[in-house]
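Student: I would like to go through this model by question and answer. Please show it first.

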Amino acid sequence: MTDLVLTTYDWVPDLPRGYVRDLRVRWALEEAGLPYRVESTPFRERGAGHFAHQPFGQVLWLTDGDLSIFESGAILLHLGELSDKLMPVDPRGRSDVREWLIAALASVEAASQPWSFFMFSGGTDQTPMRKFFNDFLFQHRLKHLEPVLSDCEWLVGMFSIADILMADVLRLVDRFDGLAEFPACRAYVARATARPAFEQAHADQMAHFAAAD
């Protein structure tokens, strides 16, 4: 039996399905061809065992033998060390992957996540706070990411964990048509999500949650 075990919720409501962050790790595992199994933790009742693995009571976490790792970025970095299908082998390439992976989390997702909360709420009032997050995402992040993605197929040459994280961050923006004015960003998401490993990971996540309905 494999030592790699991905733990996610047993169930989530319809709205976040297909976007829960265990998909990032499923995707990486499928790209690398690493054997793994999936276990569940209750969505509604989060006990001490859950918090022992994830101190904020969220998902996901990955166990690899005696290691237990939480946060999708940390898990992707761990998997990148296990497979040269997920990271280049040369030091410069590996450094570039780490740089872009952190940028996806700390720069792009830091802007897109609060914006997405407004979109999920369905409200349309143009409050000062909403304008701030619109500008933060569109003018200070996507505007500068667009020329980067117009000049490359993948962020570091080969497809890597940096692309898994960046594409997953951007596809939530695209869900609300936020990439309409950024064709390179939208094309990048389309390329990434057309990969068989993404399609398998997405289908597996949807089936996992549907089985608990």
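Student: What share of the 213 residues counts as buried?

Tutor: This is a predicted model, where local features need pLDDT of at least 70, side-chain atom pairs count only at pLDDT 80 or more, and totals for chains, interfaces and linings use all residues. Residues are numbered from 1 along each chain as its sequence is written, and side-chain values use heavy atoms, with hydrogens and water left out. Buried means under 20% relative accessible area, exposed over 50%, partly exposed in between (1.4 Å probe, protein chains only). Of the 213 residues of the protein, the buried share is 46%.

Student: Among contacts between residues at least 6 apart in sequence, what percentage joins residues at least 24 apart?

Tutor: Contact means heavy atoms within 4.5 Å. Of the contacts in the protein between residues at least 6 apart in sequence, those joining residues at least 24 apart make up 70%.

Student: Which residue stands opposite Trp-61?

Tutor: Two strands pair if DSSP finds at least two bridges between them. Strand E3 (residues 61-64) pairs with strand E4 (residues 67-70) in the antiparallel sense, over 4 bridges. The two form a hairpin with 2 residues between them, and Gly-65 in the turn has a positive phi of about 65°. In E4, the residue opposite Trp-61 is Phe-70.

Student: Is Gln-54 buried or exposed?

Tutor: Gln-54 sits in the loop between helix H2 (48-53) and E3. Beyond its neighbours within four places in sequence, Gln-54 contacts Leu-60, Trp-61, Phe-70 and Glu-71. The C-alpha atoms of Gln-54 and Phe-70 are 5.9 Å apart, with 16 residues of separation along the chain. With a relative accessibility of 1%, Gln-54 counts as buried.

Student: What is omega for the peptide bond from Val-59 to Leu-60?

Tutor: Most peptide bonds are trans. Leu-60 lies in the loop between H2 and E3. The bond from Val-59 to Leu-60 is cis, with omega near 15°.

Student: What is the phi of Glu-71?

Tutor: Most residues other than glycine have a negative phi. Glu-71 is in the loop between E4 and helix H3 (72-82). Glu-71 is partly exposed, at 36% relative accessible area. Its phi is positive, near 80°.

Student: Where does Asp-177 lie?

Tutor: Asp-177 is not a glycine, yet has a positive phi of about 65°. Asp-177 is partly exposed, with a relative accessible area of 47%. Its place is the loop between helix H6 (161-175) and helix H7 (183-193).

Student: Which residues does Phe-159 contact, leaving aside neighbours within four places in sequence?

Tutor: Phe-159 is in the loop between helix H5 (128-150) and H6. Phe-159 is buried, at 6% relative accessible area. Leaving those neighbours aside, the contacts of Phe-159 are Trp-27, Glu-31, Lys-85, Trp-154, Ile-164 and Arg-195.
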